Amino acid sequence: MRNSLSGDECGSMRKRIMGLVAAAVAEAAALIGLAFFVKTNTLLTLILALSFQIPLAVRMFVKNRRVKIICRILSVILLTAGLIAFLGCHGRNYYIESMTEADNNSVDADRYQPFNEMSALGRLDEEPLLLLTEDLPVLNGSASLLPLYSSVINMVYPDTIEGLNGKGSPYRFTNTEQAYKELFSGKADIVFSEKPSETLMKTAEKKGLQLELIPVGWDAFVFFTNSSNVVTELTQEQLRDIYSGKVDNWAELGGEDADIVAYQNNTGNGTQNRLEKFMGNVSLMEPEREWYLDSEEGITETASTYSNESGAIGFSFLYHTRSLNVDRGINLLSVDGVFPDNDNISSGRYPLSDRIYCVVVKGKVSSGTRKLLDWITSSQGQRLVEAAGYAPN
């Protein structure tokens, strides 16, 4: 009788162990899938992992029926909370993306791919006087100038180079801050950008580097609102009042009685650096913040993306507003009575016109880099600058 009972117990134990192993394998597969999809979102992964782990641990170690029930309820709560958080973030992102946006942190690089006849690049109706085949300078720059240096690559570089950000490619696009880091470290030869911020200049100085700024054209720093906004013109002082928080209702500026929603960008972004320069000694108010679910970084806090609601105001560089895939439901604002069109920008009448530069490190300019700089500033290179949509020197 004992042997019979012992055999039954052994069979039951084997089944329990096999069940636990199967559950563990299923859980591991689920967590691997979650880790691949959610990646570094530790909090959400932990919540979902616990919702699986608790019932498994209960089956192995807990005998009390009431405790088992409580743990299973907790597991369901955790799983539900994790799924709600996950779907909620995705749902919110989908809602934001369905609205008119002006995300200054990125640009649609696919529209400006070199060696593609369908891309929106500037082109010349003549053969370029410079064709580089070796000693190719590595180019990087701000988002607003990607169309310019992509046009340069399209005209004078060989079409056999690696694509954007490819291994060993001379065609780079990160962001303004990272572009300068690559310039300082020697990974990039030329950075296309507006005038570097004081912070970047001091960083170069600390590293014992001297920057050379070669003017290659003009862009403009612009402000825009929803097209339904009756306010179409502001002074520089009024704009500073908005972004310092001193003025927070459009009625104070001749508009409707509606709150002003003044969007900013993340610290280090080129347009945010330009706003800080524009503000001078006037302190910026805290930007609108939002939680964002990123496929690479998980849930992160970031400056709110411009959404074109009726009370919104945003800012960017002029070319960036042209190149963004946004609904044309925005109005560019005149500043001090001058509208930011090409004539007013290149003549300097528009008060927020900005020089655009090719920035290099003195003493570290190769012969290929110098040839390219000379060509861009030549009459033919300046025609390409204009063809790419910027005002030439």
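**Strands, a buried glutamine and a pocket**

Mentor: β4 and β13 run antiparallel and are joined by 9 bridges. Helices here are DSSP runs of H or I with at least four residues, strands are runs of E with at least two, and both are numbered from the N terminus; strands pair if DSSP finds at least two bridges between them. This is a predicted model, where local features need pLDDT of at least 70 and side-chain atom pairs count only at pLDDT 80 or more, while totals for chains, interfaces and linings use all residues. Residues are numbered from 1 along each chain as its sequence is written, and side-chain values use heavy atoms, with hydrogens and water left out.

Trainee: Why is β4 described as largely enclosed by the rest of the structure?
Mentor: It comes down to burial, meaning under 20% relative accessible area, with exposed over 50% and partly exposed in between (1.4 Å probe, protein chains only). β4 is largely enclosed because, of its 16 residues, the number buried is 13.

Trainee: How many bridges pair β4 with β10?
Mentor: Look at residues 312–317 for β10. Phe221 stands opposite Phe317 there, and Phe223 has Phe315 as its bridge partner. The pairing is antiparallel, and the bridge count is 5.

Trainee: What is the bridge partner of Asn226 in β11?
Mentor: β11 covers residues 330–332 and pairs with β4 in the antiparallel sense over 3 bridges. For Asn226, the partner in β11 is Ile330.

Trainee: Which residue stands opposite Ala262 in β10?
Mentor: Here the neighbour is β6, residues 261–262, which runs parallel to β10 with 2 bridges between them. Opposite Ala262 sits Ile313.

Trainee: Which residues of β10 point the other way from Ala312, Gly314 and Ser316?
Mentor: β10 is mostly covered, with 6 of its 6 residues buried. Both sets are buried, and those pointing the other way from Ala312, Gly314 and Ser316 are Ile313, Phe315 and Phe317.

Trainee: How far apart in space are Gln272 and Phe315, C-alpha to C-alpha?
Mentor: Gln272 lies in helix α8 and is buried, with a relative accessible area of 3%. Leaving out residues up to four places away in sequence, Gln272 touches several residues, including Leu284 and Phe315; contact means heavy atoms within 4.5 Å. Gln272 and Phe315 are 43 residues apart in sequence, and their C-alpha separation is 8.8 Å.

Trainee: What volume does the second largest pocket have?
Mentor: Picture a 1 Å grid over the protein atoms alone: a pocket is an open set of points where a 1.4 Å probe fits, with protein on both sides within 12 Å along at least five of seven lines, and lining residues have an atom within 4 Å of a point. Points are joined across faces, edges and corners, and the volume is the space filled by probe spheres set on them. For the second largest pocket that gives about 580 Å³.

Trainee: Which element gives the largest share of the lining of the second largest pocket?
Mentor: Among the 25 lining residues, the closest to the centre are Lys195, Pro196, Ser197, Glu198 and Asn273. Elements giving two or more residues to the lining are α5, α6, α8 and β13. The largest share, 5 residues, comes from α8.
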